[in-house]
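Thanks for coming. I will go through one model this morning, starting with charged pairs and then moving to strands, a helix and the cores. Please have the structure open.

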Amino acid sequence: MPLGRELPQLLKQRLFYKGRKFDFEVNRLRLPNKSEGEWECIRHPGGALAVPVTAEGKLILVRQYRFAIQGRILEFPAGTVEPNEDPLDTVTREIQEETGYSAQKWDKLGEFFLAPGYSDEIIYAYLARDLEKLENPPAQEADEDIEIVFFTPEAFEKAILEGEPVDAKTVSSFFLARPFLV
C-alpha cells in the first residue's frame, strides 16, 4: 500500500456512488489526530503512464479532448489500471491504442499520488524506449479524440513553461524522465 498509510476510523458512510472508472464516497471519519468530520473522496484504481521516446530522442504525446475541461490537453499515453492488472500491462496496452507504437524496453520512473486532497489515485510512470510502429494498431476507445504529436524534450519543456495546456501527471512524469532524455 502507498507510503504513509494511516487509516482513519470510519464512523458512518453517508454517500456512495459506483461509477465506470471510479467511485465517489462521503464519509464521517475520525482522523488519526482525533478530529471528526465529513470528507469526500474519489476512489480510483490507479493509472499507468508511458513517456515514449523515439530512437531520435523525440517524445510522443497525445493531444486529447477532455470533456471535464471542455478542451484539448497534451498528455503522455495513459490509462486506468483494470482490476488485478499489473500497471505495466496497462501502459503496454495504452501506448499501443493511443499512439500506434509498442515499446521493447520499459523502465519504471516512479509512482505518485495525483490529487491526494480528494482522491486516492496513484500514477505508475514508465519510460518507454525501443519503439516500433505497429502495422495494425488496436482501435482506440469510442470516447477517445486523440491527435499524436512529437516534441523534442527541449520543445516540450518550453511548451510547459509557456503555459501550453498539459496535465499534471504528464508534467510530473516528464521531469522524472528528464535525466534519461538526450
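Start at glutamate 162, which is exposed with a relative accessible area of 61%. The side chain of glutamate 162 meets that of lysine 158 in a salt bridge, 3.8 Å from N to O. A salt bridge here is a side-chain nitrogen of Lys or Arg within 4 Å of a carboxyl oxygen of Asp or Glu. There is also a network, in which salt bridges with shared partners join Arg66, Glu75, Asp167 and Lys169.

Before going on, the ground rules. This is a predicted model, so local features need pLDDT of at least 70 and side-chain atom pairs count only at pLDDT 80 or more, while totals for chains, interfaces and linings use all residues. Residues are numbered from 1 along each chain as its sequence is written, and side-chain values use heavy atoms, with hydrogens and water left out.

How many salt bridges does a search of the whole structure find? It finds 19. One of them joins arginine 93 and glutamate 85 at 2.4 Å, N to O; arginine 93 is partly exposed, at 25% relative accessible area. Another links lysine 108 to glutamate 111, with the closest N and O atoms 2.8 Å apart. Lysine 108 is partly exposed at 49% relative accessibility, and glutamate 111 is partly exposed at 44%.

Now the strands. Helices (H or I, at least four residues) and strands (E, at least two) are DSSP runs, numbered from the N terminus. Two strands pair if DSSP finds at least two bridges between them. Strand 1, residues 9-18, pairs with strand 2 in the antiparallel sense over eight bridges, and four residues separate the two in a hairpin. Strand 2, residues 23-30, pairs antiparallel with strand 3, residues 36-43, over eight bridges. That hairpin has five residues between its strands, and lysine 34 in the turn has a positive phi of about 80°.

Look at arginine 28: lysine 12 stands opposite it, and so does glutamate 38 in strand 3. Phenylalanine 24 stands opposite isoleucine 42 in strand 3.

Next, helix 3, residues 168-177, where Lys169, Thr170, Ser173, Phe174 and Ala177 are buried. Viewed down the axis, the buried residues of helix 3 fall within an arc of 130°, so they line one face of the helix. The arc is taken from the directions from the helix axis to the C-beta atoms.

Last, the cores. A nonpolar core is a set of buried Ala, Val, Leu, Ile, Met, Phe, Trp, Tyr and Cys residues joined through side-chain atoms within 4.5 Å. The largest has 22 residues, and Val51, Leu59, Leu61, Phe76 and Phe156 have the most contacts inside it. Elements giving two or more residues to this core include strand 4 (47-52), strand 8 (101-113), helix 2 (153-161) and helix 3. Leaving aside residues up to four places away in sequence, valine 51 touches Leu59, Phe76, Leu109, Tyr126, Leu127, Ala128, Ser173 and Ala177, contact being heavy atoms within 4.5 Å. A second, separate core of 14 residues includes Tyr101, Trp106, Ala128 and Leu131.

Notes
Buried < 20%, exposed > 50% of the residue type's maximum accessible area, 1.4 Å probe, protein only.
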